[in-house]
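Here is a friendly briefing to read with the model open beside you.

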Amino acid sequence: MLRKVLKTCLVVLTCTIAFACSSNNKKDFNSIKDLEHATIGILTGTYFDTLTSKILPNAKQLYFTNYADELSALNSGKIEAILDEDSIMMYIMKEQPTLSTIDEKVGGIDYAFVFDKSMQNNPLYESVNNCIIKYSNDGTLERLQNKWFDGVSEKELDIDYTTLPATNGTIRICCNAELMPFAYVYNNKIIGFDIELLSYICKELGYAIALDDMQFDALILAITSGKYDIACSGFSITEERKKSVLFTSPIYHGNIFFYVIKDKSSTKGYNIVDGFYNTFIKEDRYLLFLKGIFNTLVITILSLILGSIFGFLLYLIYNKGNIVFNNIMNIVIWIMNRLPLIVLLMIVFYIVFGKSIIDGITISIIGFTIYFSIIVFQLMKTGVSSIQNGQFEAAYTLGYSENKALFRIILPQVFPTIMSDYKNEIISLIKSTAIVGYVTVQDLTKIGDIVRSRTFESIPPILSVAIIYIVLAEILIFIVNIVYSHINPTRNKKLLKGVNTHD
Amino acid sequence: MIKLVNVKKEYKYVTPLKNVNLTINDGDVISIIGPSGTGKSTLLRMINLLEKPTNGQIFIDDDEITDPNCNLPKIRQKMGMVFQFFNLFDHLTIVENIMIAQIDILNKSKQEAYEKSLELLKLVGLSDRKFSYPEDLSGGQKQRAAIARTLATDPKIILFDELTSALDLTMVDEVQSVISSLTGLGKTMLIVTHEMKFARSISTRVLYLDDGIIYGDGTPEEIFDNPKDARIQLFVHNTNTLSVDIVNKNFDFLSFSTTIKKYCNKNNLSIKTGNRLYLAFEELVQQILFNELSNPIINAILSYDEKNDLLEMNVKYNYDYFNPQESNNELSYKVLTSAVDEINYQKIDENTYKNQIKLVLKNVN
């Protein structure tokens with residue numbers, strides 16, 4: 001009897017789950033009302049979240065940092081709709097025909113360039129603004145809008161912004177080259193509507209352009225810190241942003257819609273070969289990846305070498321026992337241990353070197369050298385303190401000075417004990433460099449993001465980047481092992497080399 | 001010559017050395033004795049400045065080692081030190097341990113250093129272990145290797161810091177005989193030790209240090225046979241006493257037997273003597289007293305009379321006057337009397353204890 005009841009319950013339960021799942025999948029969204037309890041994908045840094053809460057107060061929101069991730073979530077059913085503006089979605093819908101609009105306009109949005117608030121009465125801001133107004137009156141703006149907002153990504157710029165003459169100086173522009181059609185990478189070069197419009201303006205005003213690509217969330221900081229003059233890449237004008245930055249006149253007006261998957265059955269199977277073709281071969285994107293690998297390696301290897309040397313030197317000075325230096329050192333370490341690496345990097349980039357024109361790679365090398373020196377310093381400190389005091393005393397009583405004892409007796413015993421931790425730190429160093437996209441470096445991770453922003457492919461770029469990181473880490477460890485085996489101070493019977501032991 | 005002038009060492013809560021004035025002549029072989037924790041090692045470690053004195057000056061020949069501007073490594077070269085825990089360099093073979101300072105400090109060639117190391121290893125009897133690593137050696141072998149390492153730089157002065165305290169009984173002799181063989185080299189030697197027999201046989205001079213003060217300074221005969229100070233008398237005669245309380249029948253005899261062995265080792269008594277004492281103790285307490293006393297409360301004090309080479313045990317217990325001789329367990333009493341050289345029973349009148357029995361054993365090697 002009991003068994004029967006249980007069985008029935010189980011069947012009912014299974015059916016309910018199955019029904020819940022299938023109904024979830026088959027639900028069709030034809031109007032905004034259907035989305036009342038849906039999960040909506042929002043891009044971070046936009047004001048679409050407030051807009052969603054206003055229209056659909058009961059809907060859940062999930063945040064994404066880029067379109068590729070957002071689309072994967074939509075396709076896998078993690079979210080049911082995306083709220084976004086049509087100029088960008090136009091391109092995405094081309095790549096993915098199953099995506100469609102819910103034909104109710106949710107709102108409009110104006111795009112502009114961004115200046116720091118302090119530029120309000122600055123002639124640069126005024127002349128740029130006047131230029132935009134002029135273009136909007138003489139039809140230039142409309143011509144450019146028609147050129148770029150058509151869903152085709154393969155385009156050429158009218159003006160080569162890299163060779164503009166610096167008659168009146170250079171304007172430093174920062175962008176996030178992952179936003180078609182405003183700023184994106186095509187044929188390994190940053191192009192887009194924003195870029196072309198700025199090229200026109202700068203050419204007219206007699207400025208050269210220094211353009212840097214960075215993470216979208218770092219753009220505002222980049223101009224408020226004074227390191228850059230103008231930020232671009234699809235900046236929408238919102239009341240909130242107006243409080244902290246200065247917008248130019250609008251350069252484009254976009255319409256906002258909800259986007260959903262319409263016809264699930266017609267989704268064609270994912271073709272991994274196409275995916276890899278798009279990721280690496282198309283537009284010679286492998287060149288981008290090579291550049292990314294190069295940048296990642298340069299930063300990692302240089303900070304590895306410099307960090308090891310500085311860390312070691314810091315330890316030697318610390319070992320001398322100057323109270324002032326050691327206290328400063330302790331405080332620095334205390335802070336460093338509590339500081340997320342990305343924050344350290346931003347501090348170095350925007351505050352320490354805020355006004356200087358040192359490039360992102362150098363900044364990253366400086367930042368990671370600091371980071372790695374501290375690690376090496378701490379490794380040395382724990383390594384040496386793990387050696388029994390008796391070893392020092394024995395050396396001193398034999399007539400060794402403190403330095404000589406350290407180098408000849410202690411360190412040869414310390415290195416083997418810290419070696420495995422050191423290797424782990426190298427692996428963690430190369431992984432940590434993935435954040436340098438925030439300071440305008442196009443490293444491996446950033447390249448992965450750039451490519452994804454063009455192809456909207458998630459799996460091939462992510463997997464490739466993962467594998468490349470693993471391979472790079474292994475190669476580094478391999479090299480370190482070779483170097484270490486040459487200087488291996490443990491039990492090498494070095495003192496006996498060249499000694500005639502047969503008498 | 002080593003000279004200490006008004007040397008004092010003070011920590012926040014303890015003062016291991018109060019005010020030491022001392023002159024040590026070249027060639028002196030000095031044993032420093034005294035109760036544990038009275039600053040013997042501190043005194044030794046101050047001579048080569050492993051410990052900095054709080055006050056006072058220390059001169060090695062004409063150099064003041066306490067002068068902050070002195071060439072410390074240079075002065076330390078004149079002195080070698082052998083540590084309680086050996087402190088061999090673990091990453092080097094034994095022969096390399098002996099070579100390294102010759103190469104680094106005396107700038108000898110590797111070959112020269114190697115040849116000299118072989119000689120030294122021969123001296124301490126470790127020629128066959130030259131390519132072993134320290135971890136593969138026994139404690140005694142490590143200590144002999146450490147002595148060889150110290151000799152490698154030809155120091156005028158050698159400081160020995162409790163070098164047999166961390167060793168097993170069986171290894172003490174091999175190390176002590178190596179040190180004895182060094183006395184002929186004319187080096188100044190300072191030896192902190194708990195082995196009174198060893199101290200007596202090896203030294204030309206003995207320092208008695210207690211409570212941070214040198215109370216005795218003289219030849220071994222003066223210190224051991226005719227001590228003037230009451231403390232020294234007490235220390236020398238009862239080098240050490242060992243007291244144990246038994247309050248119920250669950251007493252751990254096995255662990256006490258180890259304690260007795262350690263005690264004998266410390267006082268240079270033979271293992272045989274220790275075993276006889278333990279046998280006597282076991283027969284008396286476990287076989288006789290535990291049988292007779294329903295709630296035994298027993299106190300035993302072990303002491304060594306060095307002058308007469310006698311081991312004594314004083315056992316006191318409760319119960320209304322009971323002489324073990326009257327025990328029903330005749331066999332055990334027989335064993336007891338045969339194990340000791342003298343047995344003495346008397347009634348006493350203390351709060352807890354009403355009986356006292358004294359066992360005396362002559363030390364037999």
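Start with I179(B): setting aside its neighbours within four places in sequence, this residue is in contact with I147(B), F160(B), L163(B), M189(B), I191(B), F198(B) and I202(B), contact meaning heavy atoms within 4.5 Å. This is a predicted model, in which local features need pLDDT of at least 70, side-chain atom pairs count only at pLDDT 80 or more, and totals for chains, interfaces and linings use all residues. Residues are numbered from 1 along each chain as its sequence is written, chains are lettered from A and ligands numbered from 1 in the order in which they are written, and side-chain values use heavy atoms, with hydrogens and water left out.

**Nonpolar cores**
- I179(B) is one of the residues with the most contacts inside the largest nonpolar core, which has 235 residues; F193(A), F258(A), I147(B), F160(B) and L190(B) are the others named.
- Such a core is a set of buried Ala, Val, Leu, Ile, Met, Phe, Trp, Tyr and Cys residues joined through side-chain atoms within 4.5 Å, where buried means under 20% relative accessible area with a 1.4 Å probe, protein chains only.

**Chain B as a whole**
- Of its 365 residues, 55% count as buried.
- Chain B has twelve helices and 15 strands, taken as DSSP runs (H or I, at least four residues, for helices; E, at least two, for strands) numbered from the N terminus.
- The C-alpha trace of chain B spans about 75 × 45 × 35 Å along its principal axes.

**A sheet in chain B**
- An open sheet of four strands runs in the order β2-β1-β4-β5 in chain B, with antiparallel pairing; two strands pair if DSSP finds at least two bridges between them.
- β2 (17-24) and β5 (63-64) of chain B are at the edges with a single partner strand each, so one side of each has no neighbour in the sheet.
- Five bridges join β1 (residues 2-9) of chain B to β2(B) in the antiparallel sense, and L4(B) has L22(B) in β2(B) as its bridge partner.
- Helix α1 (residues 40-47) of chain B packs on this sheet and touches β1, β2 and β4 (55-60) of chain B.

**A helix pair in chain A**
- The axes of α11 (residues 285-320) and α16 (residues 402-432) of chain A come within 12 Å and cross at roughly 145°; axes are lines fitted to C-alpha atoms over the stretch in contact, and angles run from 0 to 180 degrees between N-to-C directions.
- Residues making this contact include T296(A) and F312(A) of α11(A) and F407(A) and Y422(A) of α16(A).

Definitions and conventions: Buried < 20%, exposed > 50% of the residue type's maximum accessible area, 1.4 Å probe, protein only.
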